[in-house]
Amino acid sequence: MEPSFHTPGPARDEAPFATSQDAPVALHHDAELAHAWEGLPLELVKGYITVTGCTLQDYLAVYREQAQGAHTPLAVVCDLTLARLRREQPAAAALLCACSLLGPEAIPEELFTRSPMLPDVALREVTDQPHLLDQILATLQAYRLIERLPSPPSLCMSGQVQSVLRETLSIEEQQRYGTWMVCALHDVIRSLEDEDVRHVQQIAWLSKRWTLMLPEAAELFIWAAERLCEQRVYREAEALLHQALNVYQRIHETAHPAVAMTLYRLGSLHQLQQHYREAERFFLRTNLIRARVLGPEHPDTLLSLCSLADLYAAQSKREEAEILYQKALTNSGVLLGPEHPITRLALSQLAILYQQWILDLDATAPFTTAKLSYKLAFVYAAQGVWHQAEMLAHRALELSERMVGSMHLDTVQCMEQLVLLYREQAKVSEAQTMLQRVLRARMALLGPDHPDIAASCNALAETYLEQGQTGRAASLLQQALAICTDALEPTDPTMRMVLDNLATVYRRQGKWQQAISLMARLPLRGEPDHVLARSDVVELHEEYQNILHLLRQTSRKNEKAGNRSYDA
């Protein structure tokens, strides 16, 4: 039994069949003929008699002979017509057989004028000489087998006639004509309409009988599935996607991007229907293949990570979703850049996750709310939404102070987040005030000699440098250098930052020898850093010598001017 496919529009009526009232007037005067006429496919018989010129009695004689083989009236006239076409007009017969594999409505004519793959030599002339198509279609119209519609140029035929014609085709013939129609549809896929979905569905259903291992077929099945999803016909869309998956798995290895893409579409389809377990299974398989074949940093792999995270978020599995969003965000931000669509997608979805999470918690879990506000502030900062980021960072700080007090490392972490936000917005004064609080808290919590104190002193000194307060900056940097010298390795990044900044302070203060001495202490971590460090020292020394030269010249000029004044 043939399936009933979803169609976006109303189906046309099938070709009419005869009744006693439809029979020609002459038959009512011949009881035997009138009885024989009963139940015949009137329109097709009329077409056959008109084209062949045979009499009604001749046709009925042939019909009686064929009917003894248990042929139905419709099968008899279709067999007779197809046999005659194959003898006299093989191109028309081939076109008719190809149409029998499609839906009955709105068969695009361009399938037969632009087809890249023709199953019969006779049809090749049609692509070279389009006017021959008119002749072929005129013949089929005369047989009453098809109806031709002008706008858009398309064909219609009876679904029952199609079914009978298909039964006359061998499996090999069905595969040959089916391959032709697949390639033809694929060739015009960009101009296909929603109503063409039924043609793809018909071929997909028939191709289960024969092997149709063409990538064009899989692409057509996916195209039709997408159209059906838009119409919310999910069951039929899923069937087409599974057929596409079967085609790709036979053509390619199991671990192939095309297989992963189809699995991804199946996962998305199940997610639309809230079939979360099935969707998770397909997304996990997708990610496994993409990570193996394309690499964990490939955009497609990151996209499937985000989709799996979306799935977990929809089920309120927020911890799992957060991990996947952050993983996608880390890889995308580093490798693809902050403006890449996947980076922005991961940021947006992570922000939504945190927002909903905070709303659900409300005031029942202030500690978790503080942590989530802290995280969401960073997401907003990455998106450039500074006002929201700053507001959430303040909220996280207030919650942390309320729960654990000002002198706690969690609170210090919230302060440092605000410092970063202020610095990014060039709010030097606000950053300086908050850094002073950070330094006081760390001194109380960690003691004066902890390496983190050096980092805080260095950060605060940088704000003083930006304001031109070199004296305060020098005092903090000297304190930081003393801690670094005792507690850190010479190659530690904090040591390098402190040395750089203190050398800058000395240079601004005109203390060139001290600046050169500090630059010479820069850590050497391999050849590139060695060259850089020594280059910095040389440049600084040259700058110092140039300034000394200018000072000497100025001094000599002043001395000469003084001597001339004395002589006068």
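Which residue follows helix 2, and is its phi positive or negative?

Figure 1. Helix 2 spans residues 42-52. Gly 53 follows this helix, and the phi of Gly 53 is positive, near 80 degrees. Within helix 2, the buried residues are Leu 42, Leu 44, Val 45, Gly 47, Tyr 48 and Thr 52. An α-helix has 3.6 residues a turn, so residues three or four places apart point the same way.

**Figure 2. The chain as a whole.** The secondary structure of the predicted chain consists of 26 helices and three strands. The chain has 568 residues, of which 45% count as buried. When contacts between residues at least 6 apart in sequence are considered, 63% of them join residues at least 24 apart.

**Figure 3. An aromatic pair between Phe 112 and Trp 180.** Three aromatic pairs are found in a search of the whole structure. One of them is formed by Phe 112 and Trp 180 in an edge-to-face arrangement, with 5.8 Å from centre to centre and 70 degrees between the planes. Because Phe 112 lies in the loop between strand 1 (107-108) and helix 6 (121-128), while Trp 180 belongs to helix 9 (residues 171-187), the pair ties together parts that are 68 residues apart in sequence. Phe 112 and Trp 180 are both buried.

Figure 4. Tyr 264 and Phe 283 form a tilted aromatic pair, in which the centres are 5.6 Å apart and the planes are 50 degrees apart. Tyr 264 lies in helix 13 (residues 257-272) and Phe 283 in helix 14 (residues 276-293), so this pair ties together parts that are 19 residues apart in sequence. Both Tyr 264 and Phe 283 are buried. The ring of Tyr 264 also has the charged end of Arg 290 over it, 5.1 Å from the ring centre.

**Figure 5. The packing of helix 14 against helix 15.** The axes of helix 14 and helix 15 (residues 299-314) come within 9 Å and cross at roughly 160 degrees. Helix 14 is therefore roughly antiparallel to helix 15. Their crossing is left-handed. On the side of helix 14, the residues that make the contact include Phe 283, Leu 284 and Arg 290. Helix 15 contributes residues including Leu 305, Leu 308, Leu 311 and Tyr 312.

Figure 6. Glu 173 is found in helix 9. Is Glu 173 buried or exposed? Glu 173 has a relative accessible area of 19% and is buried, because buried means under 20% relative accessible area. Leaving aside residues up to four places away in sequence, Glu 173 touches Arg 86 and Thr 168. In a further detail, the charged end of Arg 176 sits over the ring of Tyr 177, 5.0 Å from the centre of that ring.

**Figure 7. The packing of helix 11 against helix 12.** The axes of helix 11 (residues 215-230) and helix 12 (residues 234-251) cross at roughly 160 degrees and come within 8 Å. The two helices, helix 11 and helix 12, are therefore roughly antiparallel to each other. The crossing of helix 11 and helix 12 is left-handed. Among the residues of helix 11 in this contact are Phe 221, Ile 222, Leu 228 and Cys 229. They meet residues of helix 12 including Leu 240, Leu 241, Val 247 and Ile 251.

Definitions and conventions. Residues numbered from 1 in each chain as written. Predicted model: local features only at pLDDT ≥ 70, side-chain atom pairs only at ≥ 80, totals over all residues. Heavy atoms only, no water. Phe/Tyr/Trp six-rings, centres within 6.5 Å; stacked < 30°, edge-to-face > 60°. Helix = DSSP H or I, 4+ residues; strand = E, 2+ residues; numbered from the N terminus. Buried < 20%, exposed > 50% of the residue type's maximum accessible area, 1.4 Å probe, protein only. Lys NZ or Arg CZ within 6 Å of the ring centre and 35° of its normal. Axes fitted to C-alpha atoms, helices over the stretch in contact; angles between N-to-C directions. Parallel < 35°, antiparallel > 145°, perpendicular 65-115°, else oblique. Left-handed = near helix turned anticlockwise from the far one by under 90°. Contact = heavy atoms within 4.5 Å.
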